[in-house]
Amino acid sequence: MAELKHKEDRRPGPPPVLAPGHTFGSVTSKISSLVLTDPYDWRWAIGMGIGSSLLLLFAVAVVQLLLRGIGIWGVNVPVMWGLAIINFVWWIGIGHAGTLISAILLLLKQEWRTSINRFAEAMTLFAVACAGVFPLLHMGRPWKFYWLLPYPNTMALLPQWRSPLVWDVFAVSTYASVSVMFWYVGLIPDLATLRDRAISRPAQLIYGSLALGWRGSARHWARYKSAYMLLAALATPLVVSVHTVVSFDFAASVIPGWHTTIFPPYFVAGAIFSGFAMVVTLCVPLRAAYGLHDFITDRHLDNMAKILLVTGSIVGYGYAMEFFIAWYSANPYEGFLFLEARPFGWYANAYRTMIFCNVLIPQLFWFPACRRNVMLLWICSLIVNVGMWLERYVIVITSTSQDFLPSSWAMYYPTFWDWATFLGTIGLFLFLMFLFIRFLPVIAIAEMRELVHETDHHAARERGLPAGEPHGEAR
Amino acid sequence: MKPSRDDHETPPTLPEPTRAARAASTPEFAAARQWRSLSELADDGSFLEEVSQAVSGVRGAIHGLDDASRRKFMTVMGASFALAGVAGCSVQPAELIIPYVEQPEDIVPGKAMFFATAAVVGGDGVGLLVESHMGRPTKIEGNPTHPASLGATDALAQAEMLTLYDPDRSQIVIHEGRADTWERFLAFAVDLRARKLANKGKGFRILTQTVTSPALADQLNRLLETMPEAKWHSYEPVTRDAARRGAELAFGEPLEPVPHFDKADVVVSLDADFLSWGPGRIHHARAFADRRSPDVESAAETTMNRLYVIEPTPTITGAMADHRLPLAARDVSQAARALAKALEVEGATDADANRLAGHEAWFSTLAADLKAHRGKSLVIVGEGQPAEVHALAHAINAALGNIGETITLAPPIAAGPTDQLGSLVELARDIEAGEVDALLVLGANPVYDSPVDLNLAEALNRERMTLVHLGLYDDETAALANWHVPEAHFLEAWGDVRAFDGTVAIQQPLIAPLYDGRTAGEIVATLLGQVGLPSREIVREYWSGRLPAETFEKTWNQALRDGVIPDPAADEAAPKSFGEPKLDQVTWSDAPAEELEIVFRPDPTLWDGRYANNGWLQELPKTITTLTWGNAALVSPALAARLGLKNDQVIELSYRDAVVEAPVWITPGQAENSVTVHLGHGRTRAGRVGDGVGFNAYALRRSDAPWFDDGLTVSPTNGRVRLAVTQHHHDMAERALVRSGTLEQYRETPDFAQEEERSPHYNMSLHPDPPVPQSEDYAWGMAIDLNRCIGCNACTIACQAENNIPVVGKDEVLNSREMHWIRVDRYYEGGDQANPGTVFQPVPCMHCEKAPCELVCPVEATLHSDEGLNEMIYNRCVGTRYCGNNCPYKVRRFNWLPYTSDTPPSLKPLNNPDVTVRSRGVMEKCTYCVQRINEARIEAKMAGRKVGGDEVVTACQGVCPTRAIVFGNLLDPESAVSKARQSPRHYALLASLGTRPRTTYMARLNNPNPDAPPAEASAENTVEPRHG
């Protein structure tokens, strides 16, 4: 520890997780003012406009789909799953960062998570909502979706438990409900704060009823804390399990490129990778627009860049391992796919772009200067989002388009309606996100107050007992 | 307009009084429709009398029913009875439904009945058994007792079922562009007869397609007797003129060569696609395949025939060849001459050595092989080659002692002119000369399919003449006709037809004419004075005159039942000896070859264009190119490289003064300088399905060069037409999918195809055996012999007909969404683009014992039966398509859009009532024809026995001309499929995946000549013969 201290003396330390000089009051008023008192913002209107326009496109695309059938998409016989499943996996992956931040980092007492966890959780929720529509819409007869659920029926049939799609139903619905609970429980003290600070009667009523009678008593806080920790513990395995199960959709099949044991860890790492990329994508403009530099500091961005570097490298390892196994197993079908079709075949461009986006770009974050360059970080996060979408594209499309019998090989071309549905869910996401920014606190007020307290407290302790600092450099 | 005496002498036939009765009892109906009858128009007073007679006749048949209030009802009912009794078919009155008072004994709801009849393509009859459910035909099967069928059919015959119900068929008589009636047409015909009898038929011409119907031929000949100056022309775009003319050159008589592949050890095909083209092709395919079936018992003693094919464009026959040589069509005659010279045929002349440069070794080996098989070899020439080559082939066959052994000669089965093209040219000239004032076209469509230099459409338009057209469709010719009469489809009409060997089959209707169609016989009968004589009477009358009277009824009924009628004239058609062929009349023109040649071929699925409105055939992949919905100019890879052509690129084909734009399809195995175009596309009045699909190659075809000619120029354009092919990748990517070897290899290592199976890891699995209980009685399985499969695609259509598989259209095929449950994969072997080996592999559902599709379905919509069927429950399917993704064989088909919901009403009766019609959003696939299994099971249960090992015949199996597919019970060691599985050639597709497929394959064998020079011998030539 002394050595660490020594190092810190020689070079500037990492930026703090909360800008100095904040009090309970300043934190509360700054964050709640975004919702309660700030005037109408044209930038918000533009964002909301884009989101809701795309949402309308989504509505049109869905009505078309339900009226005419799945054939309006580009899916065909070797490639029976197309953009819908790619988008599903992509959105679900994005959601993972939120859960990771709120649950695992909470349990690991990573305080820097506090200022980003609220909107990361919201992002999770909205991403899961976007993800959830795809498996439903991509069914041939979506009105029969409930046949995938185990419910008592006159057919005396349960779902087919061996099918990964049934596991998916459970994994995703569990994930969605735990995420909602976690988010909502975390919101309760803040809703009470908004209730108390709201001026208009309707706002008081709405926030009041959502706050469920929170009075901030010590007993409330005690119950709240234990409930929150329990939910975090519940959510923790989900970070790993959901994307593991999603990867089973592919890994449990026989198709070369899908039938791979590395998929579960590789998918989870990819999910966290893409999720953090999305958090960066969202928080950089949010911070700039609402002047939240004090709460979302460069420290946060730096940490997230490091996570991108780690998870990106795990994903890169996954790619390398697929290559190696394809060669080492001497399986002719896998060999063809990984050594010929993907790097040099019909979809070589998608594959090479994917490698560039997911493996090469994160390597920039070895350099602290890159991690702290906000603009560069933001652009890289966008690139990673694209790269991770392409990863799913490469997995879903290249594997099925050239599987076992060359006679059946065919390419897949997404149609207008494929893209419209995808853009539509981006619209849904933006729409929900902008509603959230306008009506709920984007940063957890209560937790920030706690952070203010702890910072001051520890600052005081540090002065007296420098060697007693329990958290080391991570602070 | 007085009808002739004959009219009065002919008693009114029953449909006449029926109409009279109907009209008399519904005056408002009659008034509205102007009461049309021949007699009324003739207006001689006899009409009303006839009506009242008819009505009282009907009434008299129903005694004691004078009650006026019941009269109308009973009259109509009487009419129905009368109809039911006579033809068993007519349009029922629309307003009344009269239930059975007494149920007919034979008609059991849900129980199919089969009736024998015969299909005819280009005059070539194929005996059929047609499945009928409650009076509507649904499926065509081959007739085992008919020699041209032997129980099998081909894709064209299968698809006739769709043509029958085609809503675009011509439905009404058209006179000068307006709807009219049959009765008024009859009046016209009676008048025509009167006029033509008066001038002995001067200016009267009849144009038919190839007529092999003895009854119709007899009628036409009788007509020509009464009108000696009238003329009968017959024209078939895919004509056999050259074969007949070749025999005439060699023997002095127009004869039809009939090959006997069962006796031939060495077969040489000079541009002859005998497996898909020409009379008796189903029979020949069977005989050919039988000689390629290696003996399962002892591989060492296995023998096979050997096939050499010289052809300009790849065909399924070429794909079966042991040695194939792509050669321009113009050089095939040189090949024949070289062969004749090498075999020292008397009168043979030297071939132009330059034209065959590089192939000398090929020909000398071939000649040596032929010499070694005297009397057991066969040289067969294609219809597309000129008569001289046919004549020379006769000489070669004679020199080899094959005539009378492997090839016999018989008088043509077709009546009418033997030089059809000449006959059409004559007709066209006469029309231009104004010598024709009435032309009766029976079934043909010359405006579309005649050679372009005859300008027939223009001449018919210009000349003042009466054009009468009888046709299934209101087609290009009907558009110019003064009278158009809808033709009855053969499934709704009486008739008779000869097969390639002279066997006659009676065609009997399966259903009343859907659109009041008429037969050629009925029109000719009218011209003979037998007004309104129904087609049944025409056929019966003819045969009652030819068969012994005392046993006629018995013979006739027997013939209807069996589908074959004993023909006392068969002796005439029996093979005879016609002396030695002479070559003194054969002359060769040795014009130097120009750059490119154009080759015309009938379309493998649309034939000459007559099936253009048949969606099944439009969507059936043409085996070699896998092209659907359109045709293309087939160019060789070398030519494409030279001219910089790409697939789908539009090129301009200029030939003489005609220019046609066509998309390119680069076809490996095409002769380098030949461009092949398929006839039958580019129709303008085919119907909603066929209009405007592809380009019309007839626009380039000329009467002096109907099959190929030099002088083609190709100019690339920037246009592009997306060609809907079903297979985009053509080599096996080094995977052992179609396993093949040579006969020698097989003799040494019979199980050469089972290398994968011998691996120590084969069939090892971590998965337990299927958890479902296994039946102790049945385990269904299928084995497909790739050595017998000729890639004719008949199985695909048969399956489509049996299983109510929808047609999806070009856009959907372009996106790989065709719905066929069984497809024929075609792979190229060997690296030689100019002449690759071509192999076929029919792929239905494998019914894997450990099916990857089953465990991924979230709702248990696809399950395993205890008898080993991989079953699909459409009602349960929610359409996640995971099963389709996880199927290694990609045999699952998905209803992406509501393909069946907009089926026109007239196509609904076509559906097989035993098979569910699938809705949007559900998966479907081959079921092993589970409905047939269940039917057999019910039969067996009622008889208190087990289903026999070979009792169930799937649709694909039943149709297969070569019997490449066997299906049955694997638990019965005596079943054909169990025996096939014992073959050393037996293997499973993608066996290493551990799916344990129930559909398995038997490896293909080739029988290359061991003395053949290795491929390097002609390495300097880009076009190499294929060895092995």
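Me: Let us start with chain B. How many helices and strands does chain B have?
Reply: In this predicted model, chain B has 34 helices and 38 strands.

Me: And what percentage of its residues count as buried?
Reply: Of the 1028 residues of chain B, 58% count as buried.

Me: What share of the contacts in chain B with a separation of 6 or more comes from residues 24 or more positions apart?
Reply: Such residues account for 74% of those contacts in chain B.

Me: Now the backbone. Which residues of chain B have a positive phi without being glycine?
Reply: M134(B) is one of them, with a phi of about 50°. L150(B) is another non-glycine residue with a positive phi, near 50°. As background, most residues other than glycine have a negative phi.

Me: Where is M134(B) placed?
Reply: M134(B) sits in the loop between β2 (124–133) and β3 (136–142) of chain B.

Me: Where is L150(B) found?
Reply: L150(B) lies in the loop between β3 and α7 (155–165) of chain B.

Me: Is L150(B) buried or exposed, and why?
Reply: L150(B) is buried, because 20 other C-beta atoms lie within 10 Å, and 20 or more is the criterion for a buried residue.

Me: Then why does M134(B) count as partly exposed?
Reply: M134(B) counts as partly exposed because it has 14 C-beta neighbours inside 10 Å. That count falls between the limits of 12 or fewer for exposed and 20 or more for buried.

Me: Moving to the interface, how many residues of chain B are in contact with chain A?
Reply: There are 42 residues of chain B in contact with 40 residues of chain A.

Me: Which helices of chain B each supply at least two residues to that side?
Reply: They are α30 (852–856) and α31 (882–886) of chain B. The largest share of the side of chain B that touches chain A comes from α31(B), with 4 residues.

Me: How do the residues of that side of chain B divide into nonpolar, polar and charged?
Reply: The side of chain B that touches chain A has 21 nonpolar, 12 polar and 9 charged residues.

Me: On to chain A. How far does helix α5 reach from its first C-alpha to its last?
Reply: Helix α5 (residues 114–137) of chain A has 24 residues and reaches 36 Å, close to the 34 Å expected at 1.5 Å a residue.

Me: How many residues of α5(A) are buried?
Reply: For α5(A), 21 of its 24 residues are buried, and the helix is mostly covered.

Me: What about α9(A) and α10(A): at what angle do their axes cross?
Reply: The axes of α9 (residues 263–290) and α10 (residues 298–328) of chain A cross at roughly 150° and come within 8 Å. This angle makes α9(A) roughly antiparallel to α10(A), and their crossing is left-handed.

Me: Which residues meet there?
Reply: Among them, α9(A) contributes Y266(A), F273(A) and F276(A), while α10(A) contributes residues including M304(A), I307(A) and V315(A). By class, the contact of α9(A) with α10(A) has 14 nonpolar, 4 polar and no charged residues.

Me: How do α3(A) and α15(A) cross?
Reply: The axes of α3 (residues 42–68) and α15 (residues 416–439) of chain A come within 6 Å and cross at roughly 140°. That angle makes α3(A) oblique to α15(A), and the crossing is left-handed. The contact of α3(A) with α15(A) involves 18 nonpolar, 9 polar and 1 charged residues.

How values were computed:
Residues are numbered from 1 along each chain as its sequence is written. Chains are lettered from A and ligands numbered from 1 in the order in which they are written. This is a predicted model: local features need pLDDT of at least 70, side-chain atom pairs count only at pLDDT 80 or more; totals for chains, interfaces and linings use all residues. The expected span of a helix is 1.5 Å times one less than its number of residues. Axes are lines fitted to C-alpha atoms, for helices over the stretch in contact, and angles run from 0 to 180 degrees between N-to-C directions. Angles under 35 degrees count as roughly parallel, over 145 as roughly antiparallel, 65 to 115 as roughly perpendicular and the rest as oblique. A crossing is left-handed if the near helix is turned anticlockwise from the far one by less than a right angle, and right-handed if clockwise. Two residues are in contact if their C-beta atoms, placed from the backbone, lie within 7 Å. Ala, Val, Leu, Ile, Met, Phe, Trp, Tyr, Cys and Pro count as nonpolar, Asp, Glu, Lys and Arg as charged, and the others, Gly among them, as polar.
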